[in-house]
Each structure stands twice: as structure tokens, then as C-alpha cells.
Amino acid sequence: MFDLNTLKFDEKGLIPAVVVDVLSKKVLTVAYMNRESLEISMKEGKTCFWSRSRQELWRKGETSGNYQHIVSITADCDRDALTVEVLKDGPACHLGTESCFNETVYQSEENHGFSIDGLMELLEGRKADKPEGSYTTYLFEKGLDKILKKVGEESTEVIIAAKAEDKKETIYEIADLAYHVLVLMVEAGISLEDVRKELASRHIIDHKVKQEKMTK
């Protein structure tokens, strides 16, 4: 068992806690814990912090219902900061946003990187703005039936490539399928968070094994 006595609380008896969404790995907020709030968090399995402004314990979600269920708490190498991975019931920020970190201070013009979340935001922007000449705009303008047709076609292409054991082509077709599924999600009003929560709520492998056993 980890010895809490080895943690280095500051002169006010506090330690910073970086709260991270265990599914998206996005930083949700940075708060502070004292020894009591940390022990409450560990006992109850939900985040409890120390409010520096109100000078009192603060159980996240107590008034809003947006609880954060703790998956793990990890100390850094100096033991003077914590990372708290959580499954959240709702927005982390008091402004109603998923994360408190939404203001871009700096972004490299060369190294943008790629993320599913970023692609989803782009697709949502295409649906809202519908810029001319965009294939995504074309799909949204044609509507659900066209999008579903493309999902079906791309699924077939994945099967054909995989059956041929062509790894490069299979990767290419899976990427096409993933893109069109994301378009479908935007059209249907389904978020990545919805899918992450569904996956987290079940044991996929065990569930599949049980289904196969039942059909035999």
C-alpha cells in the first residue's frame, strides 16, 4: 500500500491534483487536495478537493451532479503532485464545458498532430458551416441515407481487403470507414463521449464470448 505520509503537501497542507478523463486522456481541471480530502476521495471513490477560496471541503458533483468517479490516483516522482484519472458524469468546468482548459495560448504552425477529437470537431464545423467544395459538406447536404450508404460501402471494402490479407489496403479502408462513421455520428448527434461511455460500461470481450456461447 502507498504511504500517504510520503506525500509532500505544501506549507498550507495542500497538494495539486491534475484531473484527467481516463477515456479521452484530456486534462479536465487542476484542483487542490489536503490530507482529509484525499482520504475522502479514496474512501468514497469520487473526487473531493479543498476549496482555497471557500476554505472548505468540496465534493465535485455534490450540487451539480457531475461526479467524477476515480479510476486511479498517481503521485509524481517528487511526490508533490497527483494525477487523478476519472470517469465523469458530466462537464468538469463550472462554465458547463467538458474541460476547464479551452483557451489556446500557443499552437505550433508546424506540429498540429492528429486526434480523433480534433477530426470530430472539424466534421462538426463542416456540418455547421457547410463550406463549398468540401466532400464532407456534400455528405451532410445529401443527408442520412447517403451517409449510411457510404458506411455500408466502406464496410464492404474493409472486409474485401482483410479477406485478401492485404494489410496496407485494409488500413486504408478502415480509415475510410472510420471517417464515414464519424460523419454518421455527427449527423445523428452522437458524440465521442457517448461511445467512450458505452465502451467503458461493459466488458466487450466477455460480452462477446457470452453471446457466442448462447448461439451455439
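**Annotated domain**

I started with the UniProt record, an unreviewed entry, which puts "domain: Phosphoribosyl-AMP cyclohydrolase" at residues 30-102. Its positions are in the numbering used here, feature names are shortened, and annotations may be inferred rather than shown by experiment. I checked the ends of residues 30-102: their C-alpha atoms sit 13 Å apart, and the span is 14% helix and 37% strand.

**Ground rules**

I am working with a predicted model, where local features need pLDDT of at least 70, side-chain atom pairs count only at pLDDT 80 or more, and totals for chains, interfaces and linings use all residues. Residues are numbered from 1 along each chain as its sequence is written, and side-chain values use heavy atoms, with hydrogens and water left out.

**Whole chain**

I counted seven helices and six strands in the protein chain, taking DSSP runs numbered from the N terminus (helices: H or I, at least four residues; strands: E, at least two). In sequence order they read β-β-α-β-β-β-β-α-α-α-α-α-α. The radius of gyration is 22 Å, well over the 17 Å of the globule rule for 216 residues, so the protein chain is more spread out than a compact globule. That radius is taken over C-alpha atoms, and the rule is 2.2 Å times the number of residues to the power 0.38. I also noted the span of the C-alpha trace along its principal axes, about 60 × 50 × 35 Å.

Next I looked up burial: 29% of the 216 residues count as buried (buried is under 20% relative accessible area, exposed over 50%, partly exposed in between; 1.4 Å probe, protein chains only). For contacts (heavy atoms within 4.5 Å), I took those with a separation of 6 or more, and 49% of them join residues 24 or more positions apart.

**Two loop residues with positive phi**

Q55 is not a glycine, yet its phi is positive, about 55 degrees. I found Q55 in the loop between strand 3 (48-51) and strand 4 (56-59), and it is exposed, with a relative accessible area of 51%.

R79 is another non-glycine with a positive phi, near 60 degrees. R79 lies in the loop between strand 5 (68-75) and strand 6 (82-88). Its relative accessible area is 31%, and I logged R79 as partly exposed.
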